Amino acid sequence: MGQPLPGSKGPLRSVAWARDGSRLLLAAIGDDRVDLWQLRRDADTPEPLSQPILGPEGSVTSVAWARDGSRLLLAAAGTDRRVYLWQLRGGADIPEPLSQPLTGPDSGLTSVAWARDGSRLLLAAAGTDRRVYLWQLRGGADIPEPLSQPSRPTGAVMSVAWVRDGSRLLLAAAGTGIHVDLWQLHQGADILTPHNQTPRPTGAVMSVAWARDGSRLLLAAGTGNRVDLWQLREGANTPEPLSQPPTDPDSGPTLVAWARDGSRLLLAAASDRVLSLWQLQEERTVPRLPGYRSDGFGGRAADELDRDGEARAVAELVTSRSARPPLAVGLFGDWGEGKSHFLDLLAQQVEEVSGSQLACTYVRQVRFNAWHYAETSLWASLVTEMFAQLCAAPDSDPGTAQRQLSRLTADLVAQRQVRERLAAARQRREDLQRALSQVKVPWENLAENGRRSIVEAAGRELPAEALYRESVSTVRVVRAAVGNARALIRSAGWRAWGWFVLALVASVVLPFGIAWVWPHASRWLALSGVVFLAQVVRSAVSRVKPAWKSLAEARKRVRRAVEGLRTPLQTAVDVATAEVAALELEVQNLTAAGQLAGLVGERAAAGGYRSQLGLMTQIREDFQRMAVLLAQAAHDRDTPSPGPGDTTAPLRDEASDELPQIDRIIVYIDDLDRCPPARVMEMLEAIHLLLAVDLFVVVVAIDPRWLLRSVAAHYRDVLHRAGSGPSDMDDAWISTPAQYLEKIFQIVLALPPVDDAGYARMLDALIAVRAPASSAPTTAADSGAPEPSAARAAAAGPARSTADDATDWDEDLYGPAVQALPLVELTDPLAFTEEEARLLRLVGPPSLPLTPRSVKRLTNSYGLLTALRQPHHEADHTDCPNPSSATASSTHYRPYRAGLVLLASLVAFPSLGPDLCRHLYQQASTAPDTTWSVFVAGLLPQGPTTKRNAIRGDLSPSEVQQWTELHTALRQITDAASAHQLDLPTCLGPWQPWVIPTARLSFPAGQVVKYLRHPDEARDSTS
């Protein structure tokens, strides 16, 4: 098999099988002929049956077989609008034409299909003229008779298929319409009547095929990009869609066909490039007792740990009218102890008690997760988040809440008087600039040393007082030039300057006069004049040069004196300019959140904590103003008629908006123990400096160990831990982190550990028990999505007996039928057996110390372990004999119990996991007959001074405590399991296969898995 069969040279458009005694017949149609082959029993190669049958004048589009007594009938349809019929009598090899071709529509035919109705055969043919034609062929007759008028589906029909449904026949017709049309023909009737349509669009359908699963019918349709499936239950009229099998959208199937392989139902889909095969199976979900409830706290938080009472007590305290804020509450607990869950409970209780007789009515709650803002500005994030949540008021109209917050913002800005301060700063800057431009200090008001310095520089020839006045004049540039000239003239003397001017005139006028009288002497006279003038200039310069130097020095000292007067004024102008810029930046964003958060961010970027002290004070003042405004608004609501002299803010402003009704703001700070110590200290300082206002209650949930270490690290030079102070210092004088925190937190509440009752309630909420298969009703998951046979298929609905109509079903005509689909049980990973649930209850408190988070980790991890071990589920839950001893009778264990106990130990003591897994794996591999009780006893630390156990030596005090607790817990679990008939393996051999699977589910222990696979390396790493 697998070799191509010789046939038509053109593309094949349709093939059909038929059984004829001990052989199978295959018909395949090409362009204009029908090729026939036979496949004899146990043969692998089909043989050509006869010469190809010449078909219609056009192309052949569809072929179909039907049995009529001892003969086989073959129908072929083509594009020449006719249906051709042949018969092949029992054992014959040459088909005979049955009758004249049947005339069909005015256009080409696309599909033909046979059905049996009692003693007659029905033939349906579909055409591109959007009609379905019907003929009947009575038993033994050779000429088909047309039945009714052609039926009209919703589009051009590409494929038709019959199926029997009790006493009626159903015909599926599909093509270019958006639905698959269903027609019905009751027994003995001659007219097809519309039955229904598939309930969802499919697009153009190229092929349809029927099959039967128990008492329901299955319909498959191949479109251009997918396979659609529907089911039609017994007696129902409306097909129900099933989910789609996965297909390649780029090569969507066009042809579909069903087949039966024993009890399996197969679906094939073919396209131009891909042939896909799926197996249809039934999936049944194993029920859970009780129903599953998620451990997520969407909506109301569940209280499995019985902490609602404590949450209500705290809620009554923080909302009490008599409890005067500011108030800070420290909610302490180890990591995973349920602090976040307690905050959820507390928030619920605050909502319930608010408005009671002793509690505040209008309480707003703000949730701030410090970890989310670990890399941003803390104060900016806190202020922004606070105002954002205050704006989103619960149980109120968002628009009203926004308007009320806007009113509060406007009043806060008004009370800060930013605009008034900005106007005053601008006015001061202008005054200073005006004074700077008109600096004039009389000569008499100069300091004595200043006057003396200028006089010494000017000398006796230059007037020092006149030089000073000219230098500070508003027209000092012109005056200074004139003054310089006058000073130089006075320094040289009037007589010297007179002779200089006379010589200058003589040197110019005299040569011209002589030249007019005596022209030949002009050159000599000009030269003599120049020489004479040079001598005169030289004499003048020698007299002026000393005076010029004295004048320059005097001017320098005058400028120095003047600048000394201008510097203080210029400094004042610069300061005023900076203040104006800061106030203008503050006015740019006129929202309270924008002002506070924006200023915080800018100043935080400018420097460290010291540069932000002024800002923190400003923010605190804003919060105090907000508290006063809200308190005054609450008072005004009680007395809404203010007196004539009342200057407080009105209840409603010009926009008719009130201030928000807020009596108290409770801020919940969570996940602070996920932040670095510096951020922890910033948060504590924010609590103390920013939120210490008569409006706020702060609840901080944190691990006390992280908090104390953060304070100690920050103030390591000042604070001391117990026993860490200087030896010569009295303990009464030692300051500790705990004393520092007493100033921050006025109330402290430490969460209790999980007890056995709380652990049992958490298990009931997190897991469920599988219902016994014998007593639990099973419900099929009617997804009906077949998957490739390598994977599980989706459900196809309940399978029921078909004994009533089995005799009327013809697989050759209607498709394959099976009594029931193979059953696949779907098990929820968190639905455990009743025995697993019992053992889970034994491994928790008081034996193993589990926190709420570790309880969730244990259940989730064990659910994953069972899913990973699903192929071995039956073996893991099979009774295995424990070896008998001289003192005890033989017992039985189930292997999964070792994995569950080991996993619980790794969850409760993760830091001991690597050593525990290495040692157990080595012992179980090298000495599998070692008893479990001996192994557990070896975990107990021994020694008078230096403690060690069978795993490690030189244990620290904390390690001694943990190994001791683990030893005690495993002994208690072993005894409790035996008492509840849940015996554990008594030898280490059965424990060894569970070490690696459980270690992979623990972060610390998972690091040694690679060594456990190689015992030699494991021994080396241990040593």
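Please keep in mind that the model is predicted. Its largest nonpolar core has 63 residues, and another core, of 54 residues, lies apart from it. The structure also holds nine aromatic pairs and zero disulfides.

**Nonpolar cores**

- Within the largest nonpolar core, the residues that touch the most other members are Leu848, Leu858 and Leu966.
- Helix H21, which spans residues 896–908, supplies the largest share of this core, with ten residues.
- As general background, nonpolar side chains in soluble globular proteins tend to be buried together.

- Glu836 belongs to helix H18, residues 834–843.
- Is Glu836 buried or exposed? Glu836 has a relative accessible area of 1%, so it counts as buried.
- The side chain of Glu836 is joined to that of Tyr862 by a polar contact of 2.7 Å.
- With neighbours within four places in sequence left aside, Glu836 is in contact with Tyr862, Thr866, His877, Tyr896 and Leu900.
- Gln38 is part of strand E3, residues 33–40, and is buried as well, at a relative accessible area of 4%.
- A polar contact of 2.6 Å links the side chains of Gln38 and Arg23.
- Apart from residues up to four places away in sequence, Gln38 touches Arg23, Leu24, Leu25, Thr45, Pro46, Glu47, Leu49 and Asp93.

**A partly exposed strand residue**

- Arg89 is found in strand E8, residues 82–89, and is partly exposed, with a relative accessible area of 41%.
- How many residues apart along the chain are Arg89 and Ser70? They are 19 residues apart, and their C-alpha atoms are separated by 6.4 Å.
- Ser70 is also among the contacts of Arg89, together with Arg71 and Glu96, once neighbours within four places in sequence are left aside.

**Aromatic rings and charges**

- One of the aromatic pairs is formed by Trp932 and Phe935, whose rings are stacked, with 5.7 Å from centre to centre and 20° between the planes.
- Why are Trp932 and Phe935 separated by about one helical turn? The two are three residues apart in helix H23 (residues 932–937), and therefore about one turn lies between them.
- Trp932 is buried at 5% relative accessibility, and Phe935 is buried at 5% too.
- Ring pairs also bring in Trp991, which forms a cluster with Trp932 and Phe935.
- Two arginines are worth a look next: Arg674 lies over the face of Trp335, 4.7 Å from the ring centre, while the charged end of Arg869 sits over the ring of Trp994, 4.6 Å from its centre.

**Cysteines**

- How many disulfides does the structure hold? The number is zero.
- For context, a disulfide is a covalent bond between the sulfur atoms of two cysteines.
- Cys675 is buried, with a relative accessible area of 0%.
- Cys987 has a relative accessible area of 16%, which still counts as buried because the cut-off is under 20%.

Technical notes: Residues numbered from 1 in each chain as written. Predicted model: local features only at pLDDT ≥ 70, side-chain atom pairs only at ≥ 80, totals over all residues. Heavy atoms only, no water. Core = buried A, V, L, I, M, F, W, Y, C linked by side-chain atoms within 4.5 Å. Buried < 20%, exposed > 50% of the residue type's maximum accessible area, 1.4 Å probe, protein only. Helix = DSSP H or I, 4+ residues; strand = E, 2+ residues; numbered from the N terminus. Disulfide = S-S within 2.5 Å. Polar contact = N/O pair within 3.5 Å; in protein donor to acceptor, adjacent residues only side chain to side chain. Contact = heavy atoms within 4.5 Å. Phe/Tyr/Trp six-rings, centres within 6.5 Å; stacked < 30°, edge-to-face > 60°. Lys NZ or Arg CZ within 6 Å of the ring centre and 35° of its normal.
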